Amino acid sequence: MSSLSRCTIGDLVLDSGAILPGVEIAYTTYGALNAERSNAVIVFHALTGDTNVSQWWGGLVGAGKLIDPADDFVICLNAIGSCYGSTGPDSIAPHTGRPYGKDFPSITTRDIARSQLSALAELGIRRARIGIGGSMGAMVLLELALLEPGFFDAVIPIACGASHSAWRIAFSSVTRKTIETIAAAGGSTDDAFVQGMRIARQIGMTSYRCSEEFEQRFARDRREDQFEVEHYLQHQGEKIAARFSPHSYLRLTQAMETYDVSEAIGSLSCPSVFVGIDSDVLYPKSEIRSLASRIPMAKYVTLHANCGHDSFLVAEATLARLLTPFVTAIRQSSITEEIVQ
């Protein structure tokens, strides 16, 4: 594994018309490019993910795993707007000499995809064997695949539809407004934004998981003066506050709300496997199955797991087994109609 690296792509014109100057993209790689430069596998991280994919997706990426650096050149790029090395709210704004903070410009999932496409070009990667990602990562994957047809030999979008539906906007807008409201009440200090994110994350976690899992894990068990599920949610709030910027959380959840490839998705021309999760209340499997049916060379499969939307990060072994036939066929250049239908 290589350490975190960065490349500069220059000024980025955003969908809003604003210009984000001197954009840097952070990335981590595993393995090596082959002589034909044809074995790249691009992994797209989720909302609060980083580039260290071997840690958060170690059940899929690693020696002897579904995505194996012995065969694949694996690269994961950090999204702009995030706080793990790419230009984002924690970066220094050249016009002030201070971190952008809440003044970081609004971005879209297409902006993220466009910046990553530029970074890949800077790295000499103009074709990839596979693109794979879940949730926000799948959004950026599909945006990039539509921006640059022919870039991917195949794509695997997981737990993602064609747009951010009203149901999903309802959840994300409430989490954002929670951060903003608590921050405003606390004088818009850094500590106030962090406190807002602690609560917002607890709201978000109720949509990322599912009722069945919570009932099995917590039921009505109590610890001291609280239910166990309350302790769990508070712990999740503390974890996110310790590792992620609230300003990144605001900008990236807002970016996800802009996501809408409904009209363009039918033109996706490469073989693809869309993965739905049977316990996902945010992205119902019926929605993803219907989406896949609209796309030539697309297959739908269900991940059976009871951890809700987060199952693609939790049930790694099950997901790897589900995707093995497809990934093996791609690696052997033997995609057939039976594989994708």
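This section describes the sheet, the helices packed on it and the nonpolar cores of a predicted model.

An open sheet of eight strands runs through the model in the order β1-β2-β4-β3-β7-β8-β11-β12. Its pairing is mixed. Strands β1 (5-13) and β12 (298-303) form the edges, and each pairs on one side only. From one strand to the next, the twist averages 20 degrees. Strands of a sheet pair through backbone hydrogen bonds, either parallel or antiparallel. Strands β3 (residues 40-44) and β7 (residues 128-134) run parallel and are joined by four bridges. Within this pair, I42 stands opposite G131 in β7.

Two helices lie across the sheet strands. Helix α2 (residues 109-122) lies across β1, β2 (19-30), β3 and β4 (73-77). Its direction makes an angle of about 125 degrees with β1. Helix α3 lies across β3, β7, β8 (152-158) and β11 (272-277). Relative to β8, α3 runs at about 150 degrees.

The largest nonpolar core holds 77 residues. Within this core, I42, F151, F152, L268 and F274 touch the most other members. Helix α3 (residues 136-147) supplies the largest share, nine residues. A second, separate core contains 33 residues, including W56, C76, F312 and I330. In soluble globular proteins, nonpolar side chains tend to be buried together. The surroundings of F151 can be listed in detail. Beyond its neighbours within four places in sequence, F151 contacts I42, L117, L120, I125, R126, R127, A128 and L144.

Helices α4 (residues 166-185) and α8 (residues 246-258) pack against each other at an angle of about 155 degrees. Their axes are 10 Å apart. Angles over 145 degrees count as roughly antiparallel, and α4 and α8 are therefore roughly antiparallel to each other. Their crossing is left-handed. On the α4 side, the meeting residues are I169, S172, S173, R176, I179 and E180. On the α8 side, they are Y249, L250, T253, Q254 and E257.

The loop between α7 (228-243) and α8 contains S245. S245 has a relative accessible area of 7%. Buried means under 20%, so S245 is buried. Leaving out residues up to four places away in sequence, S245 touches C83, D90 and M197.

Key: Residues are numbered from 1 along each chain as its sequence is written. This is a predicted model: local features need pLDDT of at least 70, side-chain atom pairs count only at pLDDT 80 or more; totals for chains, interfaces and linings use all residues. Side-chain values use heavy atoms; hydrogens and water are left out. A nonpolar core is a set of buried Ala, Val, Leu, Ile, Met, Phe, Trp, Tyr and Cys residues joined through side-chain atoms within 4.5 Å. Buried means under 20% relative accessible area, exposed over 50%, partly exposed in between (1.4 Å probe, protein chains only). Contact means heavy atoms within 4.5 Å. Two strands pair if DSSP finds at least two bridges between them. Axes are lines fitted to C-alpha atoms, for helices over the stretch in contact, and angles run from 0 to 180 degrees between N-to-C directions. Angles under 35 degrees count as roughly parallel, over 145 as roughly antiparallel, 65 to 115 as roughly perpendicular and the rest as oblique. A crossing is left-handed if the near helix is turned anticlockwise from the far one by less than a right angle, and right-handed if clockwise.
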